[in-house]
Amino acid sequence: MVCRNVRRLLQEMGGGSWRHIRRTANEAAHVMAQHWNSSNGTNVWVDSPPGFLVNQLHCDNVTPNAD
C-alpha cells in the first residue's frame, strides 16, 4: 500500500525513479526506521539531517544538502 501511494505521488509530481536498495547499502534508512520505532512523537528535520544520522550518511556515502 505504501509503495503504491509513493508511486502514485511520483507520477502526480511529474515522475521520478523507483528502485530497491538493500539494507546493507543503505544503513541510514535502517537507522531512521529504528529511531522512528523508538520515538514518542513526531520528528521534523528541515535543511539538515538529524545529528544521530549524520555519521551514517557519511558511511553510506550520501552527501546531505547536495543541491
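The scale I used calls a residue buried under 20% relative accessible area, exposed over 50%, and partly exposed in between, with a 1.4 Å probe and protein chains only. This is a predicted model, where local features need pLDDT of at least 70 and side-chain atom pairs count only at pLDDT 80 or more, while totals for chains, interfaces and linings use all residues. Residues are numbered from 1 along each chain as its sequence is written, and side-chain values use heavy atoms, with hydrogens and water left out.

How many aromatic pairs does the structure hold? I found one aromatic pair. Trp45 and Phe52 form this pair, edge-to-face, at 5.9 Å centre to centre with 70° between the planes. For the terms, rings of Phe, Tyr and Trp (its six-membered ring) pair if their centres lie within 6.5 Å; planes under 30 degrees apart count as stacked, over 60 as edge-to-face and the rest as tilted. I checked Trp45 as well: it is partly exposed, with a relative accessible area of 35%.

**Fold**

I then read the chain as a whole. The protein chain has three helices and zero strands, in the order α-α-α along the sequence. Helices (H or I, at least four residues) and strands (E, at least two) are DSSP runs, numbered from the N terminus. Buried residues make up 10% of the 67 residues in the protein chain. I also noted contacts, meaning heavy atoms within 4.5 Å. Of those with a separation of 6 or more in the protein chain, 29% join residues 24 or more positions apart.

**α2 against α3**

How do α2 and α3 pack, and at what angle? Their angle is about 160°, and their axes are 8 Å apart. Axes are lines fitted to C-alpha atoms, for helices over the stretch in contact, and angles run from 0 to 180 degrees between N-to-C directions. The two helices, α2 and α3, are therefore roughly antiparallel. On that scale, angles under 35 degrees count as roughly parallel, over 145 as roughly antiparallel, 65 to 115 as roughly perpendicular and the rest as oblique. I recorded the crossing of α2 and α3 as right-handed. A crossing is left-handed if the near helix is turned anticlockwise from the far one by less than a right angle, and right-handed if clockwise.

From α2, I listed Glu27, Ala28, Val31, Met32 and His35; they meet Phe52, Leu53, Gln56 and Leu57 in α3.

Is Leu53 buried or exposed? I found Leu53 buried, with a relative accessible area of 7%. Leu53 touches Ala28, Val31 and Met32, leaving aside residues up to four places away in sequence. C-alpha to C-alpha, Leu53 and Val31 are 7.1 Å apart in space, yet 22 residues apart in sequence.

Leu57 also lies in helix α3. Leu57 is buried, at a relative accessible area of 11%.

**Asp47**

I checked phi at Asp47: near 75°, a positive value in a residue other than glycine. Most residues other than glycine have a negative phi. Asp47 sits in the loop between α2 (27-38) and α3 (51-59). Asp47 is exposed, at 65% relative accessibility.

**Cysteines**

I looked for disulfides, each a pair of cysteine sulfur atoms within 2.5 Å, and the structure holds zero. Cys3 is partly exposed, with a relative accessible area of 45%. Cys59 counts as exposed, at 53%.
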